[in-house]
Amino acid sequence: MSSAHAPTRTIGELGAADFTRLLRSDGVGVRLGPFDVRLKSDVAAIDAPLFRLYRDYSWLEGERVFNIHLALTRPLSLRPRVRLLIDGRAPHADLPAGQALAVLEWGLNLAIALRSHSWLMLHSAAVERGGRAMLFPAWPGAGKTTLCVGLAHRGWRLFSDEFGLIRRGTCEAVPLPRPMPLKNASIDVIRGFAPEAELGPTIPNTRKGTIAHVKPPAASVRAAHVPARVRWIVFPQWLAGAPIELTEIARAEAFMTLATNAFNYEMLGEEAFAAVGDLVASARCFRLRYSNLEEAVTLLNELADSDDARH
Amino acid sequence: MNTSSNAVYQWRARPADEVVWRALDEDYVLYHRPSGKTHFLNAASRSLLSDILTTPQTAAAAADALASRSGVAADAAFVATVTDTLAQLDHLGLIDRV
């Protein structure tokens, strides 16, 4: 977990040239929410996009204990491939070099998913406004990343598009802001919705289709040490052409859906039962069906506004 | 399960310390420690497990007790529903046939 040392410089302040030099040699230490990660890469094609996407993160200078060691290498191969190494081991087969940035981000997801059992780990996007967090637990394809990017560009603080880390016994979500991978049609949706959003390169033909990563807002990265209590749990479902619908649901229904959604519910057992119970007992729980991002963001802002007015 | 043969059996809830309950509005979720499984139960099942089957009961007697608590008639349909519920609770390892 994060050490008590306050990092003093960002990756951007380190500079692109030194960032690349460190990627090639000792590795670059980066603080991602509660994780201290060391990145190494000898894949030149991702140097510049990686620097742009990560320039607001704290640079962890010098020797320290890292939670995750991640490396991308170029194996000998007839076709251009990249090999992901987590703590020196390749967790899967080599993948096309053109997907290197996505491979690195997937690798980070995998490493985090394998070692985040201090928290209840939900497969969920999460954002925060006014000190209260909104979770979007969902499996892939439900539109949680698109919603998350949309809200992060309409006044909400980004916690994560992928991991809802819940500190057990507190109902607090722990931020883990990272580049957000938009897929296929959602790339153009966000280009239209938030022209100011900074996107990385478009990566075609991945196992998830075409991907482009959105740089997390700088303010969210800077505040990544500030947790927030979960106030809303919204189970999203994107459905082409569907009219927008936000329905408050029974807590027991929310409990069972959330328990099914958690990566480590069975591993944590009774502790997870307690944590999910605490969450749904203290939050308002909804199902959201939507097809239009602007409508969904407006409705969720209205929900937060009405709760703000009540408190 | 055969309803008619069930009538001769008695059922008893597993020891209370094997489960953890959480009330959520009108419903309940239960964590079953021996299996590590979580179940979603209604108030009737909660009453059967926590109040009625603390001592061995036949399905008919359990249905009578539940009907009395719920203020409904223990007619044949109600007894059949309770009998089916007992079979499900047995399958989940939450009650024993004694």
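The largest pocket in this predicted model has a volume of about 800 Å³. It is lined by 34 residues, of which Pro140(A), Gly141(A), Thr145(A), Pro181(A) and Lys183(A) are the closest to its centre. Four elements of chain A give two or more residues each to this lining: α4 (100-114), α5 (144-152), β13 (180-183) and α6 (185-193). The largest share, five residues, comes from α4(A). Sorted by class, the lining of the pocket has 16 nonpolar, twelve polar and six charged residues.

The pocket also draws on both domains of chain A. Domain 1 spans 11-115 and domain 2 spans 119-310, and each of them supplies at least three residues to the lining of the largest pocket. Taken over C-alpha atoms, the centres of the two domains are separated by 25 Å. Where the domains meet, 21 residues of domain 1 of chain A are in contact with 28 residues of domain 2 of chain A.

Rolling a probe the size of a water molecule over the atoms shows where empty space is left. The structure holds two cavities of 30 Å³ or more, and the largest cavity has a volume of about 90 Å³. Its lining consists of 14 residues, and the closest to the centre are Glu105(A), Asn109(A), Arg178(A), Pro179(A) and Pro181(A). The elements that give two or more residues to this lining are α4 and β15 of chain A, with α4(A) providing the largest share, four residues. Seven residues of the lining are nonpolar, three are polar and four are charged. Domain 1 and domain 2 of chain A both give residues to the lining of the largest cavity, so this cavity lies between them.

By class, the lining of the second largest cavity divides into four nonpolar, two polar and three charged residues.

In soluble globular proteins, nonpolar side chains tend to be buried together. The largest nonpolar core has 43 residues, and Val28(A) and Leu72(A) touch the most other members. The element that gives the most to this core is α4(A), with nine residues. Domain 1 and domain 2 of chain A both contribute residues, so the core lies between them. Leaving out residues up to four places away in sequence, Val28(A) touches Ile11(A), Leu14(A), Phe19(A), Leu22(A), Leu23(A), Val37(A), Arg38(A), Leu39(A) and Trp59(A). A second, separate core of 33 residues includes Ala254(A), Leu268(A) and Val276(A), together with Leu24(B).

Arg207(A) sits in the loop between β14 (203-206) and β15 (209-214) of chain A. Is Arg207(A) buried or exposed? With a relative accessible area of 60%, Arg207(A) is exposed, because the cut-off for that class is over 50%. Arg207(A) and Gln99(A) are 108 residues apart in sequence, while their C-alpha atoms are 9.9 Å apart in space.

Terms used: Residues numbered from 1 in each chain as written. Chains lettered and ligands numbered in written order. Predicted model: local features only at pLDDT ≥ 70, side-chain atom pairs only at ≥ 80, totals over all residues. Heavy atoms only, no water. 1 Å grid on protein atoms, 1.4 Å probe; cavity = no way out; pocket = protein on both sides within 12 Å on 5 of 7 lines; lining within 4 Å. Points joined across faces, edges and corners; volume = space filled by probe spheres on them. Nonpolar A, V, L, I, M, F, W, Y, C, P; charged D, E, K, R; others polar. Domains from an automatic or database assignment. Core = buried A, V, L, I, M, F, W, Y, C linked by side-chain atoms within 4.5 Å. Buried < 20%, exposed > 50% of the residue type's maximum accessible area, 1.4 Å probe, protein only. Contact = heavy atoms within 4.5 Å.
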